[in-house]
Amino acid sequence: MSGEIANSAWSSQQGAAALAAPSLTEKRRAFDWRILLGFLLPIAVALLWEAAVRFGLAQGRLVPPPSRIFATLLALAETGELWTHVWATLWRVLTGFIIGGVAGIVFGALSGSSETIRRLLDPTLQALRAIPSIAWVPLFILWLGIFEASKVALIAVGVFFPVYLGIAGAILSVDRKLVEVGHVFRLSRVQLARRILLPAVLPEAVIALRSGLGLGFMFVVAAEFMGASEGLGYLLVDGQQMGKPDQILAAIIAFALLGKIADSLLVLGTKPLVRWQDIVRERL
Amino acid sequence: MLELEHLSKTYADGTRALSDINLSVRQGEIVSLIGGSGCGKTTLLRLIAGLDQASTGAIKLDGEALSGPHPSVGIVFQEPRLLPWLSVSDNIAFGLDHISATERKERVAHALEKIGLIEHAKRWPRDLSGGQQQRVAIARAFVTNPKVLLLDEPFSALDAFTRASLHEHLLGLWEETRPTVVLVTHDVQEAVTLADRAVVMQPKPGRIFDELPLTLSRPRDKTDLPFETSVRRVLTALDHSLKPSHQQPQRERDRQAAALWW
């Protein structure tokens with residue numbers, strides 16, 4: 001039976017071609033298998049630890065086994081507590097990311113496109129960048145109070161600098177040869193910016209926004225450490241003070257998932273803009 | 001008619017790239033600038049394209065002085081310089097912003113057909129070979145119907161077969177509107193294949209050494225005896241241009257002596 005199928009496949013041109021070259025879907029499936037490889041190590045470690053605790057080789061008091069972490073996570077989710085915290089953190093990150101990102105794009109574009117503005121702005125901004133962002137915390141609390149405003153401000157500051165640097169650098173490194181094409185076709189400054197500079201900087205702008213978003217998640221923890229009554233960072237502090245390592249780890253896992261999802265959404269959302277890139281393979 | 005009058009270019013660091021270039025090119029003529037490296041061929045082309053400013057002298061197109069990029073002057077660079085985020089047809093349409101969408105579509109389709117890439121219209125430049133990309137670049141320059149087309153060694157990075165087929169594509173496009181073509185090249189065969197006149201240039205500073213008319217009938221057969229003779233003539237002129245000692249005019253030597261004196 002199977003021999004017959006193989007025969008009929010070989011007898012036709014398309015069949016031969018299909019056998020000779022693996023089809024696109026087949027290639028995709030092979031790739032998926034290799035993605036699963038990445039899960040191997042963490043799962044193996046988790047299972048080993050779980051077994052160690054179950055068989056009494058370790059107490060698991062300070063490093064709780066995975067089952068207990070997930071039980072905690074589940075309990076938090078069931079009471080709805082987790083979602084309050086996730087939402088609070090997410091709101092802070094997003095607000096800070098939007099403020100810092102927009103400011104970074106605007107200042108980066110200004111400083112990248114005009115030599116005069118660059119000489120005016122860049123030294124000051126570079127000096128401010130040299131300050132560890134956490135050092136702003138006391139000042140922000142004095143200025144903006146201990147509630148949301150100071151937290152969002154800290155996150156915005158954290159997001160601003162990588163975005164600013166990325167955008168300004170991308171504009172400065174646009175290929176002179178492509179800009180000359182614009183000159184040959186007598187584009188005005190605005191047209192040049194819209195038709196050549198903007199698309200040319202998009203790939204690097206996406207990278208800048210991604211690193212900005214990453215820093216946003218970093219700073220939200222710092223912000224929530226400085227006195228919050230909700231948010232994943234509060235869960236961390238609470239877990240430490242109450243001696244609940246499982247809650248700390250649950251919050252860390254929630255952070256990891258949240259960060260990864262936000263980053264993936266950003267990549268997915270900007271993918272159509274940078275699809276033309278001639279790169280070795282899709283970015284991670 | 002494209003006229004270059006006493007054109008010279010000195011860079012900010014004092015390098016004299018071009019000195020006293022005088023050249024006039026008839027409407028529809030194909031002129032090839034040929035010479036060793038560093039003789040200012042590309043600089044000259046960039047001046048005509050308006051991408052650089054001449055230090056002295058004037059460039060005139062039909063009596064109108066050019067000072068900057070001009071709608072009637074198109075250029076094809078050494079590299080294709082396609083915009084990687086635009087499809088092939090959008091790249092060709094890049095300079096056609098000012099005309100109606102239907103006419104734009106028509107012109108692009110016609111150009112695509114001319115260069116034989118109609119099935120690649122919706123693809124990205126990265127999917128094309130070097131020769132195909134350069135064909136798109138040539139089409140992009142041609143669709144605006146320029147009076148003068150400048151070509152800066154556009155075929156130098158390609159293999160011999162691709163180059164020969166691109167020569168045909170170029171002549172095919174040229175036949176339609178007969179623009180004036182100034183072609184920079186270091187390939188004598190190419191100059192003789194395409195040009196009505198070869199202008200041999202000489203380095204340090206860049207200047208015109210000799211002009212040779214190439215009056216072979218088209219299409220030109222590379223194995224023909226007249227073709228071979230023309231190639232040899234250009235090669236001889238090129239050879240002389242690179243031996244500055246006894247070929248340099250007296251005046252130029254005096255000027256250099258004076259410069260030394262200072």
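This is a predicted model: local features need pLDDT of at least 70, side-chain atom pairs count only at pLDDT 80 or more; totals for chains, interfaces and linings use all residues.
Q: Which residues lie nearest the centre of the second largest pocket?
A: Asp175(A), Leu178(A), Trp276(A), Leu82(B) and Pro84(B), out of 22 lining residues. A pocket is an open set of points on a 1 Å grid over the protein atoms alone, where a 1.4 Å probe fits, with protein on both sides within 12 Å along at least five of seven lines; lining residues have an atom within 4 Å of a point. Residues are numbered from 1 along each chain, chains are lettered from A in the order written, and side-chain values use heavy atoms, without hydrogens and water.

Q: Which elements give two or more residues to that lining?
A: α9 (176–184) and α10 (189–225) of chain A. Helices here are DSSP runs (H or I, at least four residues), and strands are E runs of at least two. α10(A) gives the most, with four residues.

Q: What about α9(A): which of its residues are buried?
A: Leu178(A), Val179(A), Glu180(A), Val181(A), Gly182(A) and Val184(A). Buried means under 20% relative accessible area (1.4 Å probe, protein chains only).

Q: What covers them?
A: The cover includes α10 of chain A, plus α1 (41–49), β6 (73–76) and α4 (130–142) of chain B.

Q: And what comes just after α9(A)?
A: Arg186(A), with a positive phi of about 55°.

Q: Switching topic: what is the mean pLDDT of chain A?
A: It is 84, and 87% of the residues of chain A reach 70 or more.

Terms used. Buried means under 20% relative accessible area, exposed over 50%, partly exposed in between (1.4 Å probe, protein chains only). Contact means heavy atoms within 4.5 Å. pLDDT is the predictor's confidence in each residue, from 0 to 100.
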